[in-house]
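Me: I have a structure open and would like to talk it through. Can you go over it with me?
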Number of protein chains: 2
Amino acid sequence: MKNRLEELRKQRGIKQEELAAALEVSRQTIGSLENGRYNPSILLAFRIARYFGVGIEEIFIYEEETI
Amino acid sequence: MKNRLEELRKQRGIKQEELAAALEVSRQTIGSLENGRYNPSILLAFRIARYFGVGIEEIFIYEEETI
DNA sequence: TAAAAATGGAAAGGACGCTTGACATTTTGC
DNA sequence: GCAAAATGTCAAGCGTCCTTTCCATTTTTA
């Protein structure tokens, strides 16, 4: 699954560490999501979407991937 | 997190087992989600939303829960 | 009302999400 | 060009997601 996390974060002009603090997760979690090392839990996905004020589908792009 | 899985499934008039087969997960996974034993992964949430033809936010209701 | 179908749920195991801690690499600004 | 800041990434540990197997309970139907 792709995501637009880095793009949205840079639009806001904030650092990974600041986003991590706002979301109450670790900096490594943000970096791992931006670089596609793993997908977020649905709870974290909701918090990210709410933080940026958009829907989950606008950030996380699901494309028929292999389960 | 609450969800409307049981409601949507019964609207379609299908059994847990049939929904499970359509989504390629186990019947126990459907039951566990309907009864709130755990939340789906974001990949499964996407597949469920796509199956029912609605957005994730229309099925899974996030309400500022304790992380 | 008895049999069959559907659902509930527990337990153990494997994979994934997120943590902390540490260090390497890249980018920024003087 | 150097120091500081920002980002990349690994590893170990813990909890969650999902599986299979199994049995109990509820609902449906004949």
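Me: At what angle do α2(B) and α3(B) pack?
Reply: This is a predicted model. In it, α2(B) and α3(B) pack at about 110 degrees, and their axes are 8 Å apart. An angle of 65 to 115 degrees counts as roughly perpendicular, so α2(B) and α3(B) are roughly perpendicular to each other.

Me: And the crossing of α2(B) and α3(B), left-handed or right-handed?
Reply: The crossing of α2(B) and α3(B) is right-handed.

Me: Which residues meet there, between α2(B) and α3(B)?
Reply: From α2(B) they are B:Gln16, B:Glu17, B:Leu19 and B:Ala20, and they meet B:Arg27, B:Thr29, B:Ile30 and B:Gly31 of α3(B). By class, that contact of α2(B) with α3(B) has 3 nonpolar, 3 polar and 2 charged residues.

Me: OK, chain A then. How do the axes of α2(A) and α3(A) cross?
Reply: The axes of α2(A) and α3(A) cross at roughly 110 degrees and come within 8 Å. That makes α2(A) roughly perpendicular to α3(A). The crossing of α2(A) past α3(A) is right-handed.

Me: Which residues of α2(A) meet α3(A)?
Reply: A:Gln16, A:Glu17, A:Leu19 and A:Ala20 do, and on the α3(A) side they meet A:Arg27, A:Thr29, A:Ile30 and A:Gly31. The contact of α2(A) with α3(A) divides into 3 nonpolar, 3 polar and 2 charged residues.

Me: Switching to the DNA. Which residues come nearest to DNA strand C?
Reply: A:Val25, A:Thr29, A:Tyr38, A:Ser41 and B:Lys15 come nearest, out of 16 residues around DNA strand C. The elements giving two or more residues to that surface are α3 (27-34) of chain A, and α2 (16-23) and α3 (27-34) of chain B.

Me: Which one gives the most to the surface near DNA strand C?
Reply: α3(B) does, with 3 residues.

Me: And how many of the residues near DNA strand C are charged?
Reply: 3 are charged, alongside 9 polar and 4 nonpolar.

Me: What about DNA strand D, which residues are closest?
Reply: A:Lys15, B:Val25, B:Thr29, B:Tyr38 and B:Ser41 are the closest of the 17 residues that surround DNA strand D. At least two residues each come from α2 (16-23) and α3 of chain A and from α3 of chain B. For DNA strand D, α3(A) gives the most, with 3 residues. The classes near DNA strand D are 4 nonpolar, 10 polar and 3 charged.

Me: Now the two chains together. By what turn can chain B be laid on chain A?
Reply: A turn of 180 degrees does it, with a shift of 0.0 Å along the axis and an RMSD of 0.0 Å. That is the relation of a two-fold axis.

Me: Which C-alpha in chain B is nearest the axis?
Reply: In chain B, that is the C-alpha of B:Ile42, 2.4 Å from the axis. As for the contact, the same surface serves both copies, and 100% of the contact residues of chain B recur in chain A.

Me: How many residues of chain B are in contact with chain A?
Reply: 15 residues of chain B are in contact with 15 residues of chain A. On the chain B side, α4 (42-52) and α5 (56-59) are the elements that give two or more residues. α4(B) gives the most to that side, with 4 residues.

Me: And by class, what is on the side of chain B that touches chain A?
Reply: That side of chain B divides into 10 nonpolar, 3 polar and 2 charged residues.

Conventions:
Residues are numbered from 1 along each chain as its sequence is written. Chains are lettered from A and ligands numbered from 1 in the order in which they are written. This is a predicted model: local features need pLDDT of at least 70, side-chain atom pairs count only at pLDDT 80 or more; totals for chains, interfaces and linings use all residues. A residue is near a molecule or strand if its C-beta atom, placed from the backbone, lies within 6 Å of it. Ala, Val, Leu, Ile, Met, Phe, Trp, Tyr, Cys and Pro count as nonpolar, Asp, Glu, Lys and Arg as charged, and the others, Gly among them, as polar. Copies are superposed by least squares on the C-alpha atoms of residues with pLDDT of at least 70 in both. Two residues are in contact if their C-beta atoms, placed from the backbone, lie within 7 Å. Axes are lines fitted to C-alpha atoms, for helices over the stretch in contact, and angles run from 0 to 180 degrees between N-to-C directions. Angles under 35 degrees count as roughly parallel, over 145 as roughly antiparallel, 65 to 115 as roughly perpendicular and the rest as oblique. A crossing is left-handed if the near helix is turned anticlockwise from the far one by less than a right angle, and right-handed if clockwise.
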